[in-house]
Amino acid sequence: MAKETGDRCRFRPPAKGATVVWEVTNYCNLSCTHCLSDSSPQIPRTDDLSTSRFLDTVQEMTSSGVTEFYLTGGEPFARRDLVDIISAIDQKVAEVYVNTNGYFITQEIADALSGTALRRITVSVDGHNRETQKLVRLKPTSFDRAITSVKRLLISGVPVRVSHVAHPGNVDHIAEFCAEMARMGVEALVINSVFPAGRAARHPGLALPAGRKQKLFDELTELQATYQQIGVQIDHSLGRPQPSDVMGCPAGQSVFFVAPNGDLATCSWLYKLDEERFRLGNLKETPFTELRTGVEAMMRPVRKLATACPLPVMTLPVSSS
């Protein structure tokens with residue numbers, strides 16, 4: 001029998017169809033200490049999917065019922081073809097969402113994104129000022145570049161969400177962060193804690209103690225109610241599953257993951273925990289429709305572990321009893 005888990009699923013899959021979380025490259029101009037993908041400027045881009053294979057795969061996926069694409073990285077805008085890729089996706093068939101650190105968002109790029117299948121772009125801002133951002137992103141200028149990109153996107157009419165990863169160095173400034181983003185005109189925020197994968201696994205000091213995590217949950221609950229009154233949405237994955245959450249684990253059903261090299265997996269978080277175990281195959285070699293037939297055999301034992309998100313159970317130390 002599945003054990004209950006207190007964590008919410010970190011995904012919000014669509015009511016109809018499926019979403020694909022796609023790391024379009026593992027290259028990044030930053031080397032953030034909390035990076036799940038271990039991205040950095042030293043990562044080569046030679047194994048990334050080509051533009052033509054990328055677009056062919058998008059066509060395969062949309063024909064199979066995929067209705068959302070979340071393009072992330074690394075830094076996705078390090079790919080010079082990203083705007084062309086987004087522009088080529090039929091907005092009548094699928095929606096596109098992008099996560100970025102904002103470094104490469106010029107006003108020209110922001111303008112080009114307007115009117116495409118892009119429904120929202122999420123810019124990562126992990127501090128309420130340059131100093132707290134530097135604690136994990138290491139470069140104080142990363143704060144300035146992120147804030148500038150937010151302003152450019154808002155000017156172009158592109159819907160913006162700002163993501164924020166809470167850790168001991170910035171958790172006491174969450175209210176200040178929310179206030180600053182709302183002042184700028186940002187209407188959606190997502191705040192999460194550090195997940196122990198990638199480079200973050202080598203920085204255990206970034207994890208919030210259980211008591212502080214509970215205090216953050218309480219604070220976010222109050223902030224959600226306050227900011228809802230002025231039209232600002234605050235989302236997070238802390239606390240118990242909510243009635244509006246997807247039931248069970250959606251991995252391989254309404255959620256898929258594509259790695260920069262074309263590996264297809266059921267969930268990005270599971271793939272980062274155990275790449276070999278949760279790799280369905282590679283899209284350079286095999287079509288999406290064929291690879292997804294292996295989902296049930298892969299996920300059946302995982303779904304038995306928990307009634308909601310299995311990640312907490314899978315990351316807990318194994319009991320000797």
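Reader: Before we get to the tyrosines, what does buried mean here?
Author: This is a predicted model, and the word rests on accessible area. Buried means under 20% relative accessible area. Tyrosine 70 is buried, and tyrosine 97 is too.

Reader: How are the rings of tyrosine 70 and tyrosine 97 arranged, stacked or edge-to-face?
Author: Ring planes under 30 degrees apart count as stacked. The planes of tyrosine 70 and tyrosine 97 sit at 10°, with the centres 4.6 Å apart, so the pair is stacked.

Reader: Which strands hold those two, and how many residues apart are they?
Author: Tyrosine 70 belongs to strand E2 (residues 66–72) and tyrosine 97 to strand E3 (residues 95–100). The pair links distant parts of the chain, with a separation of 27 residues.

Reader: Okay, is arginine 53 buried or exposed?
Author: Arginine 53 lies in helix H1 (residues 51–63). Anything under 20% is buried. Arginine 53 comes in at 18% relative accessibility, so it counts as buried.

Reader: And which buried residues does H7 have, and where on the helix are they?
Author: H7 covers residues 210–228, and its buried residues are Arg212, Leu216, Leu220, Leu223 and Tyr227. They span an arc of only 80° around the axis, which puts them on the same side of H7. On the other side, Ala210, Gly211, Lys215 and Glu222 are exposed.

Reader: What do the buried residues of H7 pack against?
Author: One partner is a helix, H6 (174–184). The others are strands: E5 (160–166), E6 (188–193) and E7 (233–236).

Reader: Last one: which ring does the charged end of arginine 45 sit over?
Author: The charged end is 3.9 Å from the ring centre. That ring belongs to tyrosine 27.

Notes
Residues are numbered from 1 along each chain as its sequence is written. This is a predicted model: local features need pLDDT of at least 70, side-chain atom pairs count only at pLDDT 80 or more; totals for chains, interfaces and linings use all residues. Side-chain values use heavy atoms; hydrogens and water are left out. Helices (H or I, at least four residues) and strands (E, at least two) are DSSP runs, numbered from the N terminus. The expected span of a helix is 1.5 Å times one less than its number of residues. Buried means under 20% relative accessible area, exposed over 50%, partly exposed in between (1.4 Å probe, protein chains only). The arc is that of the directions from the helix axis to the C-beta atoms. Contact means heavy atoms within 4.5 Å. Rings of Phe, Tyr and Trp (its six-membered ring) pair if their centres lie within 6.5 Å; planes under 30 degrees apart count as stacked, over 60 as edge-to-face and the rest as tilted. A charge sits over a ring if NZ of Lys or CZ of Arg is within 6 Å of the ring centre and within 35 degrees of the ring normal.
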